[in-house]
Amino acid sequence: RELQAAFQAVHFPGGLEQSRIAELTHKARELFTSLSEPFAELEAVVPEHEYYRYNDIWRNTWQQLVFLAAFTQWLEDGTLLNVRGVEEMLHLSALRSMRIDMEDYLVGLTFLSNELSRLCRNSVIQGRYTLPRRIQQFLGDIFGGFRLMSLKNDIVRRRFDSIKYDLKQVEEVVYDLSIRGLTQDVDADAVEK
């Protein structure tokens, strides 16, 4: 929750400044490191071959952590973090049974698309007119990857629909910007005036 609250700062004026993003991502990586101890404690409590028996108890937490790790990576360099990258960021590789399931990873990516759609609109308010195009390209790639999968009628399939709607919203923002000829970022001081 602390990390989710911290990341809300990118949506406010000045939140997309490089120094602010570097500060937020550094804090996120510190918090991810601090989670290794509770994960080790949890693994010690769960019997060795019964991980999936209890997995649903912390499924939402995994999905949120995937989202936060992927958002951290995207803010740093604009790339997608794979499952192994999430596990490394959360320091799960040293544990014997605690792993990110593919379903939790994919649902976490749908949360990422929701947040990037919101960031797209807020970036325009901050005068960052080039960011929506980057977000559109990134979400388009994620959407294309999801379309390649044969999704059944489960949670991932339902969440996949949200990526489609998020991409549509981002495309509308990019269209509005292109119609108005707003293709260059505006100085932050000019936005405040």
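Is Q73 buried or exposed? I opened my notebook with that one, keeping in mind that this is a predicted model.

**Entry one: Q73**

I found Q73 in helix α5, which covers residues 59-77. Its relative accessible area is 12%, and the cut-off for buried is under 20%, so Q73 counts as buried. Next I looked for a polar partner: the side chain of Q73 makes a polar contact with the side chain of R29, at 3.4 Å. I then set aside the neighbours within four places in sequence and noted who still touches Q73: R29, G78, T79, L81 and M89.

**Entry two: Q126**

I located Q126 in the loop between α7 (102-125) and α8 (131-147). Q126 has 9% relative accessibility, so I wrote it down as buried too. Which residue has its backbone oxygen 3.0 Å from a polar atom of the Q126 side chain? I looked it up, and the oxygen belongs to F12. I also checked P13: Q126 and P13 are 113 residues apart in sequence, yet their C-alpha atoms are 5.9 Å apart in space.

How do the axes of α7 and α9 (residues 155-180) cross? They come within 9 Å and cross at roughly 20 degrees, which makes the two helices roughly parallel. I noted the crossing of α7 and α9 as left-handed. Among the residues making this contact are L106, F111 and R121 of α7, and F160, D166 and L177 of α9. Sorting the contact residues gives 12 nonpolar, six polar and four charged.

Definitions and conventions. Residues numbered from 1 in each chain as written. Predicted model: local features only at pLDDT ≥ 70, side-chain atom pairs only at ≥ 80, totals over all residues. Heavy atoms only, no water. Helix = DSSP H or I, 4+ residues; strand = E, 2+ residues; numbered from the N terminus. Buried < 20%, exposed > 50% of the residue type's maximum accessible area, 1.4 Å probe, protein only. Polar contact = N/O pair within 3.5 Å; in protein donor to acceptor, adjacent residues only side chain to side chain. Axes fitted to C-alpha atoms, helices over the stretch in contact; angles between N-to-C directions. Parallel < 35°, antiparallel > 145°, perpendicular 65-115°, else oblique. Left-handed = near helix turned anticlockwise from the far one by under 90°. Contact = heavy atoms within 4.5 Å. Nonpolar A, V, L, I, M, F, W, Y, C, P; charged D, E, K, R; others polar.
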